[in-house]
Amino acid sequence: MADLSISSNRSGLSRRAALRLAGAGTGGMLAATFGLVPTRAEAAGAGAVVGGAAVVPSGVGGVHYVPRAGWGADESWRINRRTGQPWPVEFAPGQVITVHHTAIPVNDADPAASVRAIYRGHTKDRGWADIGYHLLIDNAGAVYEGRRSGADTVPVYEADGRAVTGAHVQGNNAGNIGVALMGDLRTRPPTPQARRTLALVLLALAGRHQLDPTGMATYTNPSSGARRQIPTISGHRDWMGTACPGDALFALLPGLRRDVAVALGRPLPPQPLVPPRSPVAPGAQSLLAAAP
Ligand SMILES: [Zn+2]
């Protein structure tokens, strides 16, 4: 838990802004740590599938997630069938975050089944070592641990703090943390719950890696040494020609970046000096400002 948490002292996290982002209403006290923690049932060792687990602003604060055992990951699928051994697992310091959609329908009644289907597709069908994404988010706003990062209870990272190398941006995976919203988001925007959870996950990751959420990064592939200028919080299509993460989700990224920046207490880039063409609802301003 501590591994993905961000400290208000180190990151300059604005407690008030983070609480607003978390939707914490009356009585919600955000602790000094703010990260991904297992759902209560999982933490208690219940082992049950916890579909529909939601963001729970609580006494400890943070984004609860469903571990691999919780959504029913069959760990034998990580075995290389030719060698009979598990695929090698690589780790690298985190540099950037990439947002995806899974582009396939979600079983809202049993979203864990949808996570298993993605896992099966990536391993059994495509022959990958594991599920490609680090984290997945369903329509109810529940977070699922994706690619396995070790025996501890912290998703994404191994004990030394490096991120497990996923498989979500071809040729640029090491140090690139992949977060996927489940569903086809080409025309349908994320549910409010999924959007809010995504903001919280991006906040936790950006805070941990001290990223400027509205800025650019020079991503360096640790294997090839190749460099790319890329938004610290990118969409898959920023890297390559793909519809991912879908027009409807991609259009929300500027607003998400600004939300994270506000929560981290970072200065915002100046707004374009173009007035909106028509009256807009409060809250839509940031999206309009970033629209092409
Ligand atoms: Zn993608």
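A: Helix H6 covers residues 192-208; helices (H or I, at least four residues) and strands (E, at least two) are DSSP runs, numbered from the N terminus. Its 17 residues should span 24 Å at 1.5 Å a residue, and the end C-alpha atoms are 24 Å apart, which agrees. The expected span of a helix is 1.5 Å times one less than its number of residues. The model is predicted: local features need pLDDT of at least 70 and side-chain atom pairs count only at pLDDT 80 or more, while totals for chains, interfaces and linings use all residues. Residues are numbered from 1 along each chain as its sequence is written.

H6 is largely enclosed by the rest of the structure, because 14 of its 17 residues are buried. A residue is buried if 20 or more other C-beta atoms lie within 10 Å of its own, exposed if 12 or fewer, and partly exposed in between, with C-beta atoms placed from the backbone. The largest nonpolar core has 58 residues, of which Val-201 and Leu-202 touch the most other members. H6 gives the most to this core, with ten residues. Such a core is a set of buried Ala, Val, Leu, Ile, Met, Phe, Trp, Tyr and Cys residues joined through C-beta atoms within 7 Å.

Setting aside neighbours within four places in sequence, Val-201 is in contact with Val-63, Leu-135, Ile-137, Val-143 and Val-179. Two residues are in contact if their C-beta atoms, placed from the backbone, lie within 7 Å. Just after H6, Gln-210 has a positive phi of about 55°.

Strands S5 (135-137) and S6 (143-145), along with helix H4 (68-71), are included in what covers the buried residues of helix H5. H5 runs over residues 111-125 and contains Lys-124. Its 15 residues reach 20 Å from first C-alpha to last, close to the 21 Å expected at 1.5 Å a residue. Among the buried residues of H5 are Val-115, Ile-118 and Tyr-119. Lys-124, in contrast, counts as exposed because it has 12 C-beta neighbours inside 10 Å. Between Lys-124 and Arg-78 there are 9.1 Å from C-alpha to C-alpha, and the two are 46 residues apart in sequence. Just after H5, Gly-127 takes a positive phi of about 80°.

Strand S9 (residues 216-220) runs antiparallel to strand S10 (residues 227-231), and five bridges join them; strands pair if DSSP finds at least two bridges between them. Met-216 has Pro-231 in S10 as its bridge partner. Six residues lie between the strands of this hairpin, where Gly-225 has a positive phi near 80°.

Helix H7 (residues 247-250) includes Phe-250, which counts as buried because it has 20 C-beta neighbours inside 10 Å. Leaving aside neighbours within four places in sequence, Phe-250 contacts Gly-235, Arg-237 and Pro-245.

Helix H8 (residues 253-264) has twelve residues, which should span 16 Å at 1.5 Å a residue; the end C-alpha atoms are 16 Å apart, which agrees. Ten of its twelve residues are buried, so H8 is largely enclosed by the rest of the structure. The buried set includes Arg-257, Arg-258 and Asp-259. Just after H8, Gly-265 takes a positive phi of about 75°.
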